[in-house]
Amino acid sequence: PLSYEGIFELAKESNRLGIETFIVTNGDYVTKDNVELICDLFKRITFSCDSPSPYVNSESGRGVDNYNHILYLCHLINKVRPGHIVQINSVVTRANYGEQEHMLNAMRNDLILAGVERIKFFQFYAIRGAAKQRRNMLSITDEQFENLKKKQENKQEFFDVTFKDIKFLDRDCVISPKGALKESENYEDLTLINDITQVSSEELRD
């Protein structure tokens, strides 16, 4: 989202309207020069990070330095805005399956010290773009994801651990860059409204 040049103005207007605004980012465009502004505009900042391993991050497309960069940003936020809500989203794919305990150890030893108190594991969901092109390479089975959840059951952590499977993601709606309102179902995009700027707020609520 931070690659969109109007993101800050959009967030300011959302806040003016009383809309709680959050951001999910891989951190590439978060810097020491804009981090305070990002904290001011977004109530919660979520970083995407799939593994502490440079090899795994390279295989999944995050980049070899992804984890160290995210860790640096978490410490930076904790320094400039102590207590600001920061969480980690981790997508479980065939490339990092079995690495989740490694990721949890990173939470226990590194990230929680940087102010992160929640990690969410998402089952890989190939709905659009590069993810859809790599579906066969990265998808895991429902059974594999359930096994991960069972391993974590009844474990006491100092941070919140959540698992989100495909059923949860099927209920999500997105607005495309061209203004189309879409929802996903069975790995396909369904267009609900072609252009939300051409309908009234009453029609949009319906």
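At what angle do H4 and H5 pack, and how far apart are their axes? The angle is about 35° and the axes are 12 Å apart, with axes fitted as lines to C-alpha atoms over the stretch in contact and angles running from 0 to 180 degrees between N-to-C directions. This is a predicted model, in which local features need pLDDT of at least 70 and side-chain atom pairs count only at pLDDT 80 or more, while totals for chains, interfaces and linings use all residues. Residues are numbered from 1 along each chain, and side-chain values use heavy atoms, without hydrogens and water.

Select H4 (66-80) and H5 (100-111); helices are DSSP runs of H or I of at least four residues, strands runs of E of at least two, numbered from the N terminus. Tyr67, Leu71, Cys74 and His75 of H4 meet Met103, Ala106, Asp110 and Leu111 of H5, where contact means heavy atoms within 4.5 Å.

Next, select the largest nonpolar core, 37 residues: buried Ala, Val, Leu, Ile, Met, Phe, Trp, Tyr and Cys joined through side-chain atoms within 4.5 Å. Those with the most contacts inside it include Phe47, Cys74 and Ile119. H4 gives the most to this core, with 7 residues.

Centre on Ile119: beyond its neighbours within four places in sequence, its contacts include Ile88, Met103 and Phe159.

Gly18, which follows H1, has a positive phi near 85°.

Note on methods
Buried means under 20% relative accessible area, exposed over 50%, partly exposed in between (1.4 Å probe, protein chains only).
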